[in-house]
Amino acid sequence: MDDILLKVNDLHAAIDGKEILKGINLEIRPGEVHAIMGPNGSGKSTLSGVLAGDPRFTVTGGSATFHGVDLLALSPEDRSHEGLFLSFQYPVEIPGVSMVNFMRAAVNAKRAYLREAPLSASDFLKLMRQKRAIVELDNKLASRSVNEGFSGGEKKRNEIFQMAVLEPRLSILDETDSGLDIDALRIVAGGVNKLKTSHNATIVITHYQRLLDYIRPDVVHILYKGRIVYTGGPELALELEEKGYDWIKQQVDNEQ
Amino acid sequence: MNSNSLTQYLDLYAHHREAIDARAPEAFNRLRPAASEALRRAARLPRKGDEGYARTDMAAMFAPDFGINIMRVPAPVDVAASLRCDVPNISTLMGVVAGDEFRPTATLQRNLPDGVRLMSLAEAARREPQLVEAYLGRLSADGDAPVQLNTLLAQDGVLLHVAAGVQCDKPLQLINIFNAGVPSMAVRRVLVVLERGASASLLVCDHSQRSDVDYLASEVTEIFLAPGAALDYCHLEESTPRTARSAALFAALDADSRLGLNGTTLTCGATRNSYAIHLYAPGAEARVAGMVIGSDAQHTDNDILVCHHAPRCHSSQLFKYILDDDASGAFRGLIRVDHGAAFTGAYQTNRNLLASTRATMHTEPQLEIYCDEVKCGHGATTGQLDPQALFYMRTRGIPEAEARMMLMQAFMADVIDTVTLPTLHDRLRMLVERRLSGDRRGCGDCAAACTNSLQ
Ligand SMILES: Nc1ncnc2c1ncn2[C@@H]1O[C@H](COP(=O)(O)OP(=O)(O)OP(=O)(O)O)[C@@H](O)[C@H]1O
Ligand SMILES: [Mg+2]
């Protein structure tokens with residue numbers, strides 16, 4: 001059991017009194033890549049939000065254990081410090097807060113959590129330079145407000161850049177491929193692969209096989225109506241690409 | 001408490017009229033009869049709910065029995081010397097105003113450029129009565145009761161005069177100080193005259209050195225900008241919960257003159273700032289900005305009138321408030337465009353953040369346009385910090401308190417940016433950051449608090 005990075009057990013969550021997650025079970029080990037697929041509105045972003053601690057959601061049952069820590073008891077910031085990262089489906093624009101101040105605050109907050117001294121200005125800039133290179137993020141974005149006026153592709157690169165800086169143990173990439181052209185997709189996926197080690201793990205939420213051509217999943221889950229209704233190997237994604245979700249929907253809806 | 005707080009001041013004037021006049025120059029004294037008459041007609045000070053005073057009770061502000069230094073007992077000599085509260089500390093050209101008494105720093109007169117006068121208004125009126133009498137009271141004559149009360153009792157204050165064509169490049173600074181051990185009211189007049197083509201920038205800071213004593217500042221400022229003159233005026237209040245402020249600023253702008261105003265309230269008890277800016281001749285420009293950071297039971301009211309009388313003038317108003325705890329705020333901004341004021345550009349923005357559910361904001365944006373060829377716009381919003389932005393920052397490990405602070409600082413960025421003087425801009429940024437980080441010491445325990453936190 002020790003080598004389980006994330007264990008989600010019968011997780012239920014609601015928003016505005018409406019139950020969205022209806023008993024999620026998931027086990028992720030270091031080094032693994034899990035893909036989560038599923039029709040629009042099935043609860044994929046809700047699951048990532050709940051794991052990251054989005055206060056809009058209320059956990060109504062179940063548990064989530066992150067390398068032995070009760071994840072749901074932590075604040076969003078402490079989840080981050082403990083090694084969880086969420087790449088947002090819709091990265092948030094923050095007018096007036098520059099990327100560089102934002103990243104400095106993030107880096108130094110983590111260092112404070114780990115009882116390390118803040119980075120010197122030159123070490124910080126060096127770190128930014130190194131990490132930007134991973135996703136070929138344009139330097140000019142550093143002085144701009146967080147995500148403000150970024151193109152769709154720039155926003156997604158910016159997410160992976162932040163992931164590179166924070167070096168999480170578990171990354172959840174919520175439709176990081178959407179809005180990317182073919183070249184950007186290759187760069188972003190390449191970045192994710194560069195950051196992959198045998199100690200960390202990735203959850204890839206996507207609608208398309210093309211991302212999984214670059215980021216090879218070990219396990220593929222289908223989320224539907226707030227439950228993981230099907231789990232398989234990489235071939236499951238190919239099957240979905242070919243046949244769509246109808247067969248799964250029918251199967252599940254008939255059982256109900 | 002007196003049922004009509006105005007009465008005590010009218011009585012004071014009635015009983016001490018000769019004493020007051022004897023200790024003030026004619027430029028002040030000659031204005032008193034009209035002020036007295038105006039107050040008799042007004043009968044009382046504005047109460048909460050009166051026109052223009054929707055949320056601010058001036059009668060209550062003036063109700064306590066404050067001491068007024070009508071006998072001109074000098075403030076302790078060491079005020080200027082002991083003053084370590086050099087908050088922005090940007091200027092060598094500094095004067096301290098203890099109550100209403102101007103005290104130049106030792107080096108001020110030596111360092112003032114030729115053609116620039118920064119001095120006691122009473123002294124100026126004695127030395128050059130024509131100069132002061134030509135201006136003093138001209139703009140305030142039609143002011144409301146709090147303004148008339150100031151005129152009735154004022155005996156001193158500050159004159160800034162810049163001669164024609166003189167550019168005073170170094171910023172000037174005034175520090176208004178309360179430090180008496182008993183409840184005190186300062187009745188202060190400020191007169192600013194920039195002759196043709198002159199320019200200057202003035203920073204005025206309000207401090208109360210004792211946090212355990214009630215103070216009230218009554219301040220009336222009149223600003224005259226001759227054609228082509230340019231003034232940047234920044235006011236920064238960092239007083240205490242037991243300090244109240246009733247201030248009115250009038251400005252008359254002649255052709256192609258420019259006024260940049262920034263009024264910032266970081267800490268106070270109850271503050272009312274009213275501004276009446278008149279653009280009298282073509283090409284004049286007024287940029288009025290302000291910010292308020294309110295916490296505890298702080299109350300801050302900014303009331304702005306910008307009046308376009310002539311064609312091709314431009315004005316903007318940008319006011320932002322962040323209110324926490326039980327703080328309350330009020331904003332009224334009126335743009336008035338007269339018949340003759342074609343090709344006017346006038347804009348107004350008021351945006352407010354409520355950081356607590358108990359904080360309240362009252363906003364009244366108003367436009368009165370009596371002319372066709374104008375471009376005007378206004379907008380007002382009151383809301384909370386963006387919860388999605390807050391969550392996003394927290395998922396990156398930024399602690400909630402810090403994330404909130406960064407968002408609040410970002411919210412104020414454009415108001416801070418209206419202050420163009422680089423040194424002052426940076427200091428203001430720092431002071432806002434310090435204030436938002438929860439440092440509410442203000443200047444109650446002057447020296448230590450300010451200088452330490454600015455290291
Ligand atoms: N604020 C809200 N109030 C009510 N229902 C909501 C709210 N936010 C999301 N939902 C509902 O929760 C369900 C799950 O949404 P979620 O965003 O998790 O789906 P998803 O699987 O990520 O979809 P997509 O593939 O389109 O991104 C949807 O039915 C959605 O309408
Ligand atoms: Mg989604």
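In this predicted model, B:Ala43 sits in the loop that joins α3 (32-42) to α4 (58-61) of chain B. Here helices (H or I, at least four residues) and strands (E, at least two) are DSSP runs, numbered from the N terminus. Local features need pLDDT of at least 70, side-chain atom pairs count only at pLDDT 80 or more, and totals for chains, interfaces and linings use all residues. Residues are numbered from 1 along each chain as its sequence is written, chains are lettered from A and ligands numbered from 1 in the order in which they are written, and side-chain values use heavy atoms, with hydrogens and water left out.

- Although B:Ala43 is not a glycine, its phi is positive, at about 70°.
- B:Ala43 is partly exposed, because its relative accessibility is 44% (buried means under 20% relative accessible area, exposed over 50%, partly exposed in between, with a 1.4 Å probe and protein chains only).
- B:Asp256 also is not a glycine and has a positive phi, of about 55°.
- The loop between β11 and β12 (258-267) of chain B holds B:Asp256, and with 53% relative accessibility this residue counts as exposed.

- A:Ser45 belongs to helix α1 of chain A and A:Gln89 to the loop between β6 (84-87) and β7 (94-98), so the pair ties together parts 44 residues apart in sequence.
- A:Ser45 is partly exposed at 31% relative accessible area, while A:Gln89 is buried at 16%.

**Around ligand 1**

- Ligand 1 has 15 residues around it, and A:Gly41, A:Lys44, A:Ser45, A:Thr46 and A:His207 come nearest (a residue is near a molecule or strand if one of its heavy atoms lies within 4 Å of it).
- A backbone N or O atom of A:Gly41 is 2.8 Å from an oxygen atom of ligand 1 (a polar contact is a pair of N or O atoms within 3.5 Å; within protein, one must be able to donate a hydrogen and the other to accept it, and residues adjacent in sequence count only if both atoms are side-chain atoms).
- The side chain of A:Lys44 places an N or O atom 2.8 Å from an oxygen atom of ligand 1, and for the side chain of A:His207 the distance is 2.9 Å.

**The second largest pocket**

- Among its 23 lining residues, A:Ser45, A:Thr46, A:Arg56, A:Gln89 and A:Asp174 lie nearest the centre (on a 1 Å grid over the protein atoms alone, a pocket is an open set of points where a 1.4 Å probe fits, with protein on both sides within 12 Å along at least five of seven lines; lining residues have an atom within 4 Å of a point).
- Two or more lining residues come from each of α1 (44-52) of chain A and α10 (387-395) of chain B, and α1(A) gives the most, with five.

**The largest pocket**

- This pocket is lined by 30 residues, with B:Asp142, B:Gly143, B:Asp144, B:Asp303 and B:Arg332 nearest its centre.
- The biggest contribution to the lining, five residues, is from β13(B).
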